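This report describes a sheet, one of its inner strands and a pocket. The structure is shown first.

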Amino acid sequence: MSTPDVAIVGVGLHPFGRHGDKLALQMGAEAAQAALADAGTDWSRVRTAYVGSYEVSNPDAIVGRLGLTGIPVRGVFNGCATGGTSLQMAAAAIRHGEADVAMAIGMDKHPRGAFAADPAVAGLPAWYGQTGLFLTTHFFGTKIGKYLHDHGVSTSSLAKIAAKNLRNGSITPHAWRRKPLSEQEILDAPVVNHPLTRFMYCGPDEGAAAIVLCQGDLAREFTSAPVYVRAAELRSRRFGAFELQSPSLPLTSAPSPTVDASRAAYEVAGIGPEDVRVAQLQDTDAGSELIHMAENGFCADGEQEKWLAEGATEIGGTLPVNTDGGLIAHGEPIGASGLRQIYEIVRQLQGRAGDRQVGGNPDVGYTHLYGAPGASAVTILSR
């Protein structure tokens, strides 16, 4: 088999959480420098970069902290799919011959509280905000409430997911929430939007992550353990999909963009969901992780309760999911979140994940992002 086109040869991360007056650009620069050190190289070797952020209006200004080398550096924003999008663009630049070494960098510094805005920014009528639907917590509560009803899944499954992710976060040094909670404590916490309680949601916060990529045939010049990009796919919503910022739905529904992105990624990679050994799924809330287990093809709708009862998604299970605690443990600085997922999967495939290392020498990993206004990014990686 020929060497894949694109390899990941370095990963770096700035811890997620709250960091006082520290600038997002500084966090991004530190994550980038860590990724370059991991690859055994420096910024002067990079030929192009894609830098993602929601709060930083010109994230390409990071060159002021890394080096003014004159290379093309582009700002990226695509909702919660920003990290996956920046990685896809960096990988495409390598595949198209624009660069032999590229970087994807993500950073953000969000204020406290849920994401909300004037619906007009998305072309939606005022009533959409007045009913609370433009508030992300409300949408996710509504979506999982309908899903539990339609597929006969209990709210106890949501608590199992949140407890697992907080437990995994407690053994992850760069996580924000590092205190494990029992399923009962999670169920007894204040309800934010039914059926989701406080500890079933992630929270906006601060952090950064970065990835160094290169041509596949150059990979071992940087590392003895390259990880290859087998697929990196992005899809937007189709008419009839029930997504963030959907003010109405037709009688005939359509699959989520996650379904489309995952199917495309499996086809490009030439594998199926049964080949994946460790996964990162978007867990904006515990309900999102539950839904995404099925939408990414790992189980059928309604089978999640059995999977969770059997511990299938635990670190020692048949398909460990969110081994670092996911968004529930880390929070979500939008620009960095997807690259944090890549960081975790690369470390798992290289056997460098420490206390949270998956057994069995995993060789295929999977990351998934989902966000407004209905965009999904899926990346498949392998040794």
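## Pairing of β8 and β11

Strand β8 (residues 227-236) pairs with β11 in the antiparallel sense over eight bridges; strands here are DSSP runs (E, at least two residues), helices are DSSP runs of H or I with at least four residues, and both are numbered from the N terminus. Two strands count as paired if DSSP finds at least two bridges between them. The bridge partner of S236 is A375 in β11.

The model is predicted, with local features requiring pLDDT of at least 70 and side-chain atom pairs pLDDT 80 or more, while totals for chains, interfaces and linings use all residues. Residues are numbered from 1 along each chain as its sequence is written, and side-chain values use heavy atoms, with hydrogens and water left out.

## The other neighbour of β11

Strand β10 (residues 364-371) is joined to β11 by eight bridges, and the two run antiparallel. V364 is opposite S382, and G371 is opposite A375. Three residues lie between the strands of this hairpin, where G374 has a positive phi near 125°.

## Burial of β11

All eight residues of β11 (residues 375-382) are buried, so the strand is largely enclosed by the rest of the structure. Buried means under 20% relative accessible area, exposed over 50%, and partly exposed in between (1.4 Å probe, protein chains only). In a regular strand, side chains alternate between the two faces of the sheet. On one side of β11 the buried residues are A375, A377, T379 and L381, and on the other they are S376, V378, I380 and S382.

The open sheet has nine strands in the order β3-β2-β4-β7-β1-β8-β11-β10-β9, with mixed pairing. At its edges are β3 (73-76) and β9 (278-280), each with a single partner strand, so one side of each lacks a neighbour in the sheet.

Helix α12 (residues 334-349) lies across β1 (6-17), β2 (48-52), β4 (101-109), β7 (206-215), β8, β9, β10 and β11, and runs at about 120° to β1. Contact means heavy atoms within 4.5 Å. Axes are lines fitted to C-alpha atoms, for helices over the stretch in contact, and angles run from 0 to 180 degrees between N-to-C directions.

## The second largest pocket

The second largest pocket holds about 500 Å³ of space. A pocket is an open set of points on a 1 Å grid over the protein atoms alone, where a 1.4 Å probe fits, with protein on both sides within 12 Å along at least five of seven lines; lining residues have an atom within 4 Å of a point. The volume is the space filled by probe spheres set on the points, which are joined across faces, edges and corners.

Of the 20 lining residues, K146, Y147, F242, A254 and E295 are the closest to the centre of the pocket. α5 (136-151) and α9 (286-295) are the elements that give two or more residues to the lining.
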